[in-house]
Amino acid sequence: MRFSGPAIALSLALAVASSMGSTQKPDDQINPRSIALMQAGVAAQRAGNLPGASDLIETALAVDPRNRAAYLALARVAQAQALPGKAIRLYREALTLEPNDINALSGQGEAMVQKGAVERAKVNLTRIRTICKTAACAPATTLAAAIAKGPPPAVLTAQASPVVPPKGKETTAVKP
């Protein structure tokens, strides 16, 4: 009876330790089905099937939400569909998984320029240059070119014109 207390404590500790090791996967092991679905989505995007590509890559993320490459691929599809807000959000998800991903920072900066947020894109460019120590950093060069080009003309005219309510939709107060 003297050893029953420590024996119970030791067996409980071993049971907890063994159950933790068998249920968790290391972060660097992405589900192979997720990778295959993402690659099929990228192929669909190259073929010009943007809705199909989006569906396949979203399925890849449902299979394994830690697939950072799938977030980047889906963000590129969103940019090709002229959905910069969605692309910015998807790049943010990728940056949540790896905060120093220069490809995600560059893509997010390009989407910001596409949306008209050039100053925020410049912050990303500064961060990329801080992370990327080489002078010939391709993501920094790409983002700098996008910033120099500026937002699309449609975004500039939308930002400059005031919002006008449609005619014939006047509201009148109802008197009690």
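Is Glu119 buried or exposed? Glu119 counts as exposed because its relative accessibility is 56%. Here, exposed means over 50% relative accessible area, buried means under 20%, and partly exposed lies in between (1.4 Å probe, protein chains only). The areas come from the Shrake-Rupley method with a 1.4 Å probe, and for residues only the protein chains shown count as cover.

The model is predicted: local features need pLDDT of at least 70, side-chain atom pairs count only at pLDDT 80 or more, and totals for chains, interfaces and linings use all residues. Residues are numbered from 1 along each chain as its sequence is written, and side-chain values use heavy atoms, with hydrogens and water left out.

A search of the whole structure gives four salt bridges. A salt bridge is a side-chain nitrogen of Lys or Arg within 4 Å of a carboxyl oxygen of Asp or Glu. One of them joins Glu119 to Lys122, at 3.5 Å from N to O. Both residues lie in helix H7 (residues 118-131). They are three residues apart, about one turn of the helix. Lys122 counts as partly exposed because its relative accessibility is 38%. Helices are DSSP runs (H or I, at least four residues), as are strands (E, at least two), numbered from the N terminus.

A salt bridge also forms between Asp101 and Arg68, at 2.6 Å from N to O. This pair links distant parts of the chain, 33 residues apart. Asp101 sits in the loop between H5 and helix H6 (102-115), and Arg68 in helix H4 (residues 68-80). Asp101 is buried, at 8% relative accessibility. Arg68 is partly exposed, at 30%.

Asp64 pairs with Arg66, and their closest N and O atoms are 3.3 Å apart. Asp64 is buried, at 3% relative accessibility, whereas Arg66 is partly exposed, at 25%.

On the surface, Arg89, Arg92, Lys115 and Arg120 gather in a patch of positive charge. Patch residues have over 30% relative accessible area and no salt bridge; like charges are joined within 9 Å, and nonpolar side chains (Val, Leu, Ile, Met, Phe, Trp, Tyr) within 5 Å. Arg89 belongs to helix H5 (residues 84-97). Its relative accessibility is 38%, so Arg89 is partly exposed.

Ile57 lies in helix H3 (residues 50-63). Ile57 is buried, at 0% relative accessibility. Beyond its neighbours within four places in sequence, Ile57 is in contact (heavy atoms within 4.5 Å) with residues including Met38, Val42, Leu74 and Val77.

Note on methods: Lys and Arg count as positive and Asp and Glu as negative; His and the chain ends are not counted. The place of a charge is taken as NZ of Lys, CZ of Arg, CG of Asp or CD of Glu.
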